[in-house]
Amino acid sequence: HWGANLNIQDEIWLKNNGARLKGQFSRVDYHMDYLRGQLQPHILNDLILSLPTGVRDPYYYDIIGNVSTSNFRASGRRPTLLELKPRYPLLGGWNYTFTLGYDMPLQNWAKYDSSRNTYVLAVPFMTAIPGAAYDDVEVKVILPERASVLEVHPPFPCDEIRRETHVTYLDSVGRPAIIFNKKNVSGKHAEYIYIKYRVSTRAYLQKPIAVATAFVVLFSVAMTLRRIDFKIHSKKQA
């Protein structure tokens, strides 16, 4: 809540279940077919994803590092388009693992009810890949520290819903996290999860107080150590 930002991150394990490649792959032949516009339809060369309106600062990387072959097209009030190109064409039987993330203004997805001091948050269940079927989807929603979860409304029955505590930097007690699991999912399941929660005023002040206390303790220890003499002095002879 301090940054008024909603971060979405997808870790995707993608496999092309099309016709498998026979023999060895030739990048020269592939580029020739690409330039002629004669690529086989089962070869996955790029992904065009439709993201929510207001997306900013997208990032895309795989196990090697950042992947620069992407095109981000923001279009005002329309859904944002993001074109991704993997490091290599995805032929039948080939796998590709990558991470996709982006930020969105929190005020567009979390509504505050001042009379009840509660928030209602809408979170996309997943980022749909056109033409893809999902064997297993896990969604983890992490709320602010010390938030109290009041209601959880998934868009459809899930196989499992569980809660745990997520601890990250500068946390003292950790953040409540809700995990949703669903098998055999398609693009039609790309709907929204609604979560109602409450955050007290004390929770907002906890992190600044914890950081300030840590700095005070650190400087106090440093000043104390500077005043202590750790040198070994030899005794003077009479």
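This is a predicted model: local features need pLDDT of at least 70, side-chain atom pairs count only at pLDDT 80 or more; totals for chains, interfaces and linings use all residues.
# Strands, rings and a surface patch

Colleague: OK, and which strand does S5 join through five bridges?

Modeller: Strand S5 (residues 80-84) is joined by five bridges to S2, and the two run antiparallel. Strands here are DSSP runs of E with at least two residues, helices are runs of H or I with at least four, and both are numbered from the N terminus; two strands pair if DSSP finds at least two bridges between them.

Colleague: How many bridges join S4 to S5?

Modeller: Four bridges join S4 to S5, again in the antiparallel sense. Leucine 82 in S5 is the bridge partner of phenylalanine 72, and leucine 82 also stands opposite leucine 49.

Colleague: So what is the strand order in that sheet?

Modeller: The order is S2-S5-S4, in an open sheet of three strands with antiparallel pairing. Strand S2 (47-51) and strand S4 (70-73) stand at the edges with a single partner strand each, so one side of each is left without a neighbour in the sheet.

Colleague: And why is S5 called largely enclosed?

Modeller: Four of the five residues of S5 are buried, so S5 is largely enclosed by the rest of the structure. Buried means under 20% relative accessible area, exposed means over 50%, and partly exposed lies in between, using a 1.4 Å probe and protein chains only.

Colleague: Switching topic, which strands make up the sheet with S6?

Modeller: That open sheet of three strands has the order S1-S6-S3, with antiparallel pairing. Its edge strands are S1 (5-15) and S3 (56-62), each of which pairs on one side only. S3 and strand S6 (residues 95-105) pair over five bridges, and in S6 the bridge partner of tyrosine 60 is leucine 100.

Colleague: Which aromatic cluster is there?

Modeller: Tyr60 belongs to one aromatic cluster together with Phe25, Tyr88, Trp94, Tyr96 and Phe98. A search of the whole structure finds 11 aromatic pairs. For tyrosine 88 and tyrosine 96, the ring centres are 5.4 Å apart and the planes stand at 85°, so the pair is edge-to-face. Rings of Phe, Tyr and Trp (its six-membered ring) pair if their centres lie within 6.5 Å, and planes under 30 degrees apart count as stacked, over 60 as edge-to-face and the rest as tilted.

Colleague: Is tyrosine 96 buried or exposed?

Modeller: Tyrosine 96 counts as buried, at 4% relative accessibility, whereas tyrosine 88 counts as partly exposed at 27%.

Colleague: Last one, which residues form the nonpolar patch on the surface?

Modeller: The patch is formed by Val217, Val221, Leu225 and Ile228, with about 330 Å² of accessible area together. Patches are made of residues with over 30% relative accessible area and no salt bridge, where like charges are joined within 9 Å and nonpolar side chains (Val, Leu, Ile, Met, Phe, Trp, Tyr) within 5 Å. A salt bridge is a side-chain nitrogen of Lys or Arg within 4 Å of a carboxyl oxygen of Asp or Glu, and accessible areas come from the Shrake-Rupley method with a 1.4 Å probe. Isoleucine 228 lies in the segment after helix H2 (201-227).

Terms used:
Residues are numbered from 1 along each chain as its sequence is written. Side-chain values use heavy atoms; hydrogens and water are left out.
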